[in-house]
Amino acid sequence: MLNQVYRLVSARQFEVQTVAETVSADQIVVRPRFLSVCHADQRYFTGQRPQNVLRQKLPMALIHEGVGTVVRDPQGKFAPGTLVVMIPNTPVEHDPIVPENYLPSSKFRSSGYNGTMQEYVVLNRDRVLAVPADFDHPMSAFIEMVSVGVQGLTQLQATMDADARVIGIWGDGNLGYIAATLVKQLFPDSQLVVFGRHQSKLDYFSFADKTYLVDQIPADLKVSQALECTGGRGSEAAIAQIIRHIHPLGTAVLMGVSEEPVAIDTRSVLAEGLTLRGVSRSGRADFERAIQILTDSPVTRERLQNLVGLTQKVSTIQDIIDFFERDLTNYWGKAVMEWDV
Amino acid sequence: MIYAQILAGGKGTRMGNVPMPKQFLALADKPILIHTIEKFCLEPRFDAILVVCPADWLSHTQDLITKYVTDSRVKVVAGGSERNATLMKGIRYLQETFGRHADDVVVTHDAVRPFVTQRIISENIDAVLQHPAVDTVVPAIDTIVQGEADAISAIPVRSSMYQGQTPQSFNVKALVDAYATLTDEQKASLSDSCKICLLAGQPVTMVRGENLNFKITTPYDLRVASALIEKRA
């Protein structure tokens, strides 16, 4: 099969490359339908990754969040037209201790391995999951990001002590919003407090018990456990605030990706017996749990539908570039392409 | 019913001193025709995918399909002496096999355009379900000149010039009716199927093609096509 792959070759420049694909019986061919842009994709698109990283990884098809329809399943288990979510983490080995999403050998789409900006995506059979019929399609495009939130909360549940009175989330962006919706679902008896830098974004968190601007946090406020969802330059300040406001023996799950190393007040971490746990990628089990959570909770689905900030049909390379540019100025929510290239 | 008809009737006279018709030549380890069929098999809306090939290459074509293609929608028949006769022979086979329905449509495509994309095929289907005839075109890049006997007679405005590709898609009844109005001379000389409908006064809608959806006609085209394809690492 001749497949057209749309690759970023340098900052703000995509080119099409024809690739001869072979499809084995253990693989499935998916036509991408709705693709959601992640900050990581934007860092490649705008050339903000270090030059040596760009030299090593480009040309590469971007996007690792998306849904598509099955067009061919050699085993006939998925009917043509079935909407599926594509799992970007692609393990090449099994380890009895380390799960697939933390194995250094695993390949990850749109990070050194072609993403889903392709005419067709050929995936291993276990890298797709059917999306229930009543799910909104643009919302389903970022189930991957929901699964990362699920992975974060799963790790929190596995690590935290018995104190679940107050869950604090630092970050008022997309990841913070997704994590907050999941906390409401998975910790229904906990108080949810969200900390952010923009009141206009915090206003979207109507389901949180309390929200605070980060420069107006009461000095005596304490959270039981925390999720850091800022990333970038904001990580350092957010982690510092978490350490200041978390109870002793609390767990902070770090989820925001930072390009540069950040300084951490380890004296306080040691003194209070804190646990810092890193999370960025998810595996198949997290996708399954994410779909189950969304199936069980229409209100969570509705909240996540409100996170769709920009949708647009793209059918040419120029449309793709325009879409990425528009996303850069998009104030709120996820940008989802309707893929028609 | 929605049909695909892949026109593989060419004898490859422009391919130089190669005995095998160009649609059977290898590109990225497979015959060009097979790459084209594989693209059409990925469109679930087709009820049947008909390959029309030269009569003396019928068994060869059937052997290739048996070897490479598992989709039971793919059928093979022998074509006619020239393009339009081949097209109409395929239509006749479809009608005799699957019956005649007023809303039948057919998406016809050159076997030697293996770079056709999902979007182009899908937009052809969408358009032909609304209009009697559809052509796939790309805006002309070079200036088109019209000439005769070494002299230019006209230079049309480039912005309204397009280059025709395939697929070309038709409401089957509209195409058959239009074909019936042609003289024998017209039937033999028309090199473009959409012109059948134009001559009969039917509107032809345009779908945007892609420059990469080019026709592999000459040895140069085959070298370019081979250079364009990368194998999956």
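**Notebook: where chain A meets chain B**

I started with the strands and found that three bridges join β2(A) to strand β12 (residues 229-231) of chain B, the two running parallel. Strands here are DSSP runs of E, at least two residues long, helices are runs of H or I of at least four, and both are numbered from the N terminus. Two strands pair if DSSP finds at least two bridges between them. I looked up one bridge: V19(A) has E230(B) in β12(B) as its partner.

A note on what I am reading: this is a predicted model, where local features need pLDDT of at least 70 and side-chain atom pairs count only at pLDDT 80 or more, while totals for chains, interfaces and linings use all residues. Residues are numbered from 1 along each chain as its sequence is written, and chains are lettered from A and ligands numbered from 1 in the order in which they are written.

Next I looked up the whole contact. Chain A gives 20 residues and chain B gives 16 residues, with two residues in contact if their C-beta atoms, placed from the backbone, lie within 7 Å. On the side of chain A that touches chain B, two or more residues come from each of β1 (2-10), β2 (13-20), β3 (27-36) and β4 (65-72). β2(A) gives the most, with five residues.

Then I turned to chain A itself. I found 11 helices and 18 strands in chain A. Its C-alpha trace spans about 60 × 40 × 40 Å along the principal axes. Among chain A contacts between residues at least 6 apart in sequence, 74% join residues at least 24 apart.
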